[in-house]
Amino acid sequence: MGDLLDIADQVVARANDGEQLEAVVVRGLDTEIRVYEGEVESLASAQSQGVGVRVVVGGRQGFAYAGSLDPDVLDETLAEARDNARFATVDPFAGLAEPDGVTVPTLDLYRESLAHTPTDRKVGLALELERAVRAADGRISGIESAEYVDSLSEAAIVTTTGIRSSSRDSSCYVATYAMATEGPDTQTGFGFSVGRDLESLDVSRAATDAADRATRLLGASQPPSERVTVVLDPWVTAQFLGLIGYTLGGEAVLKGRSLFAERLGEQVASPLVTLVDDPTDPRAFTATDTDGEGLAARRNVLVADGTLSMFVHNAYTGRRSGGASTGNAVRGYSSTPSVGCMAVSLVPGTASQGELVASVGDGVLIQDVAGLHSGVNPVSGDFSTGAEGLRIRGGELAEPVREFTIASTLQRMLLDVAAVGGDLQWLPMNASGVSLVIHDVTVSGA
Amino acid sequence: MIDEAVIDRVLGTALRTGGEFAEVFAEDKRSSSALFDDGKVEELTSGRDRGAGIRVVVGDTTGFAHTADLTEAGLRTAAEAAAAAARGGGGGTRTVALTRRHADRGYAIETYPEDVPKARKVELLERADEVARATAGAISQVSASYGDSRRRILVANSDGVLAADDTVRTLFSVSTVASGDTGMQTGRESVGHTVGFELFDMVDVEEMARRAAGRALTKLQARPAPSGQMPVVIASGGGGVLFHEACGHGLEADLVAKGASVFKGRVGERVASPGVTVVDDGTMAKEWGNLAIDDEGNPAQRNVLIEDGYLTDYMWDLLRARKEGRPSSGNGRRQSYQHLPMVRMTNTYLLAGEEDPDAIVASTERGVLVKHLGGGQVNTATGDFVFGMTEAYLIEDGEVTEPLREGNLIGNGPEVLQRIDALGNDFAMGPPGTCGKDGQGVPVGDGVPTLRVSSLTIGGTAA
């Protein structure tokens, strides 16, 4: 890893007088194995690397990146970034992050064992996953995908303002997408398990989840249009939390694109809602010790007992809003740091999903949603998304339903939260999930 | 990009341990973008991605490796890694006679974006911002972005194919936020073509800015979309993405082969209303999904997928086609040298019918007119799809009345194809899109005439 810092140091050493320079250097080793009908369908293994160079001079910012660490490429990238800076508008808040004294947490995010795991064992895991899905239920008619994926990545960030940080992590997951058939009806379901090494993966859980999700939707019909209470599965809640996290980012707020912009200190959610962004929780898939500008990651409470308590910032939005970075710069090497939540979760309650379903009486359990990226407007808050799941009748799960939408606004949905489950789940995304009960959601169906 | 003799030796290395098929895909892509946001030129970005992906096939197994090192040593190392991944066990050497294949897209790039001063690109952005803000005081935020890319590829494989291409794409978009008593609404307009800077002879950025602002302003007065089933009229150019999702993905041979498509085993059957013809066409000059060759070196084609309601064929990549003993349809695409190719669409569209578009609306008693659909998603195994309506209006007594707030449309691909009961004579292509599949994005285009679907579920909040 030292060599990545060296490369970043070399770039930054070339700074001119009066010029701020930042170099981000990354390297990753990725393996992706897909199996199909007991054979390896494809096995890809590759190392990739890249560098991003940001220049700020006289309040103007320029950026360039390249997918190579060759010395001549570094020169070209630096020259391009400098040239690009000439065309930016002068912005008094432009500038790199500066050390803020917050201690970088020590997180156990890298497992050397993953680097030494033979490919055969990884292939074996993918094959085992496929077999387990087929064995889970006689109605499983096919498997669209069964895969094992891992990644070892390291990054270094050095700036002329005194940032010099490096980080590395390992991650792996198994995932499958299964089909179940009964008569003329075919339904699909996915399952996965994530971890930092092979030992932390639960293949049978991934297989069972996929089989359950597919088979329990068999025979589903379209429900009538009505207003109902819904129970969101943790997977669905997590997807909504990811979107809500976006609206609390300093960039959306400062640029007048957040529905929460003027509402700091106000009651924006049910008192049951406490929302935190905590990339320092090592259980989070997106856990990290430093942010995209090299500052220490930290636990931030965004909504406390329903009251909006803060927005998250990178160095630029922090400075422009009169404060400081909250350690929420988000980036890859091929872009400048944006600002965003990194690992959002709701502080869980105590009830299980079964207890929540019983308490609802009548409603719909939403097992999955589709089209969230096109169906939610994070500026206006309007949302409408495709959904599938199970009816809840008399506190029990009943017949499956599909081809309907659920719609409301993000604002109303947060206020309509009636219960938060205790079933916290860590998912392969920047948010974790719990079961959530929400009143008065419009279902559109037949 | 790479010497032919070197390619020959690299393919030899890839095949040395028993590979049945080997391929070298080299890419050199330069891109630049500029963003105007929040009243200022925020930044200009330049990017360079260069490398090669090598795949080796043994039986049903594909091994793949990629490298950013385009020297012979670097390529050979990647070839060995790909061969090892494919677990070739045999021996012997094979030599490959490479035949250069001509890549022709039928028109020339007039102005390469790298020859245009950056200041001119910035001026376009400033102009768009100025015009959008001048439209109305309610326009509270504007962002405009410019992007171009030049992608050179070289593909060589053990079947003897050697092909190269040089593709230029240019894109411009304007997004607005309008604020009023009812909150904030957004509007967007984007244009992209497989052309150079001459894009700006084809489009007027000021007009784009006015339209983007108009969309956001219109929605300030919008009422909640209805919920439930009703007829939906899709305006010319505004809803091709529906057919990309509703039937295009299900016609990709890789998904069909795995049984993950509702269209499996249905070639020759009637799958759509009479008059419905769906085409995927990589040869459409200058369109966003245009190709000269695909990413496996095969010439782009115009493929009729559904003709007058009957399913005629699927789309094919090289490996899937080889297995079936048929030619590729030129639909093997990949995001970059770091990815394996798979079956992907190019420009997917529905041919025009003969009806007057105004008459289609006039004959709709109560329904929704969708001027623009946003992104969507389909489950190919069930055919169920979802789409966001980004600009829609209520139709009452055959007249377009009030604008609607955003909502989703939900339906089933095969059912929608059967429920098309009117096709207008006004075909148009829609805005440029990016199609995502297995985590890979590629540029695609789509188009439709005005058309009516007799019944779709609208997912609004109004009763």
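Hi everyone, let's start with Glu406(B), which is buried, with a relative accessible area of 14%; buried here means under 20% relative accessible area, exposed over 50%, and partly exposed in between, using a 1.4 Å probe and protein chains only. Before going on: this is a predicted model, where local features need pLDDT of at least 70, side-chain atom pairs count only at pLDDT 80 or more, and totals for chains, interfaces and linings use all residues. Residues are numbered from 1 along each chain as its sequence is written, chains are lettered from A and ligands numbered from 1 in the order in which they are written, and side-chain values use heavy atoms, leaving out hydrogens and water.

Back to Glu406(B), which sits in the chain B loop between β17 (399–404) and β18 (407–412); strands are DSSP runs of E, at least two residues, and helices are runs of H or I, at least four, numbered from the N terminus. Which side chains does Glu406(B) reach? One polar contact, 2.7 Å, joins its side chain to that of Lys219(B), and another, 2.9 Å, goes to the side chain of Asn377(A). A polar contact is a pair of N or O atoms within 3.5 Å; within protein, one must be able to donate a hydrogen and the other to accept it, and residues adjacent in sequence count only if both atoms are side-chain atoms.

Glu43(B) is buried yet has no salt bridge, and the nearest side chain of opposite charge, Arg54(A), is 6.8 Å away. A salt bridge needs a side-chain nitrogen of Lys or Arg within 4 Å of a carboxyl oxygen of Asp or Glu; Lys and Arg count as positive, Asp and Glu as negative, and His and the chain ends are not counted. The side chain of Glu43(B) does make a polar contact of 3.4 Å with the side chain of Thr45(B).

Now, the rings. Over all chains there are 11 aromatic pairs, meaning rings of Phe, Tyr and Trp (its six-membered ring) with centres within 6.5 Å; planes under 30 degrees apart are stacked, over 60 edge-to-face, the rest tilted. Among them is the tilted pair of Phe190(A) and Trp235(A), 4.9 Å centre to centre with 55 degrees between the planes. Phe190(A) lies in strand β6 (residues 185–195) of chain A and Trp235(A) in helix α6 (residues 234–247) of chain A, so this pair ties together parts 45 residues apart in sequence. Both Phe190(A) and Trp235(A) are buried.
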